[in-house]
Amino acid sequence: MTQCLVCDHDVEPFLNFGPMPIANGFLAAEQVASEPFADLEVGFCGGCTMVQLTQLVEPEAMFHENYAFFTSSSAWMGRHFAALAADARARWLDGAEDPLVVEIGSNDGTMLGNFQEAGIRHLGIEPSANVAQAAMDRGVETWVRFFGRETADAVVEQHGRADLVLATNVLCHIPDLDGVLAGVSRLLAPGGVLVFEDPYLGDIVEKTSYDQIYDEHVFYFCLGNLKPLLARHGLEIVRAEPQGVHGGSMRYTVAHAGAHPVDPAVEDLLERERLAGLHEPETYVRFRTAVEASRDALVAELERLREAGVRVVGYGATSKSTTVTNYCGITPDLVSSITDTTPTKQGKLSPGAHVPVVPHEDFRADPPEVALLFAWNHQAEIVAKEAQWLADGGRFLVYVPRVGFVDRDAPLAATPQV
Ligand SMILES: [Zn+2]
């Protein structure tokens, strides 16, 4: 039995995916022999209801100097962050005198660039040196380090307290969440707010999107499981806004308790979570059954395509795809290659399943009949990009929210499997 990372109560495991490689560990052929594996298992805390991994990979193994993900590689995410920055600025910085914006996990400065261009004081905290360098190259001030109590104190000492702290798709990655929130509590000015976004547990359960579960995602948040943790640090959720990004995320705005009125939508969302059973362990036992059914349906479809002689390639060498390929046993005999636009991944093999990652030019030069859409969370952007291929009869095989095809007759909505 594992102890909860948040409250020390016992965590009850509900789903074990078996041995997994590093989700973002795309590797060269000569590295295959020394590839590390660890069990990927997720559990529910009976004490505070937090859903979390039961075994952790050392952060240094995941977020190193060669960390491959650059936020700016997705134009769509760039627009999303620009909108977030504009909204947060209008809502929380209006009238503030020389405000300070701090971003935890600031990546290549895509978000903070919006503040930098507006002449607003800003500071990014980013542990991966290569992406942090890209941010500094564009003039976004960045410290290369992990965020916690000590970093928060150092920021306050050098720059003062923050009016706005941002964190997108980063808090769910940090095992010492307690240390991070203690740091946020110290860093925030009395009326300051933390605005953060992470994949939403309600969407993961509703859509059976089990590929959101991988080594980098230590926690799976909902309003209900964040509430007691935030309260311990004198913080509360004052706004919560569902987002379409990353297959279903939630944007939480958090402040010192009593500093701002709580939006009525917060209680409405909590009630929806209670009705969906998100705070009850039985829900996750049902989730496991749904995940197993999803895996079986996907493997059956891929085997049917192989027997019919249909060539299938993967689309999007995402961290999420590592969970799917390894859990479902999707090796090159089922999916011959994975197309991806990220230069650092091209020419490498996918973690564990060892499917070759090829440039997008290969997809254009030799279009497959079917593409397994690993980057399903960018479906709208990708369907628009591949409109001609779809018009010519190409089909995307998807598995969220259910196994089915997206084609010229059924764009955007997965048709039920026949
Ligand atoms: Zn707990």
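**Notes on the model**

1. Phe37 counts as partly exposed because it has 13 C-beta neighbours inside 10 Å; with C-beta atoms placed from the backbone, a residue is buried at 20 or more other C-beta atoms within 10 Å, exposed at 12 or fewer, and partly exposed in between. This is a predicted model, in which local features need pLDDT of at least 70 and side-chain atom pairs pLDDT 80 or more, while totals for chains, interfaces and linings use all residues. Residues are numbered from 1 along each chain as its sequence is written.

2. Phe37 lies in the loop between β2 and β3 (strands are DSSP runs of E, at least two residues, numbered from the N terminus). Residues up to four places away in sequence aside, Phe37 touches Pro19, Met20 and Pro21 (contact: C-beta atoms, placed from the backbone, within 7 Å).

3. Strands β2 (residues 10-20) and β3 (residues 38-45) pair antiparallel over 8 bridges; pairing requires that DSSP find at least two bridges. Pro19 has Asp39 in β3 as its bridge partner.

4. β3 also runs antiparallel to β4 (residues 51-53), joined by 3 bridges, with Val42 partnered by Leu53 in β4. The two strands form a hairpin with 5 residues between them, and Thr49 in the turn has a positive phi of about 70 degrees.

5. The largest nonpolar core has 83 residues, of which Leu164, Val165, Leu194, Leu201 and Val254 touch the most other members. Such a core is a set of buried Ala, Val, Leu, Ile, Met, Phe, Trp, Tyr and Cys residues joined through C-beta atoms within 7 Å. A second, separate core of 33 residues includes Phe26, Val313, Ala375 and Tyr399.

Technical notes:
Helices (H or I, at least four residues) and strands (E, at least two) are DSSP runs, numbered from the N terminus. Two residues are in contact if their C-beta atoms, placed from the backbone, lie within 7 Å.
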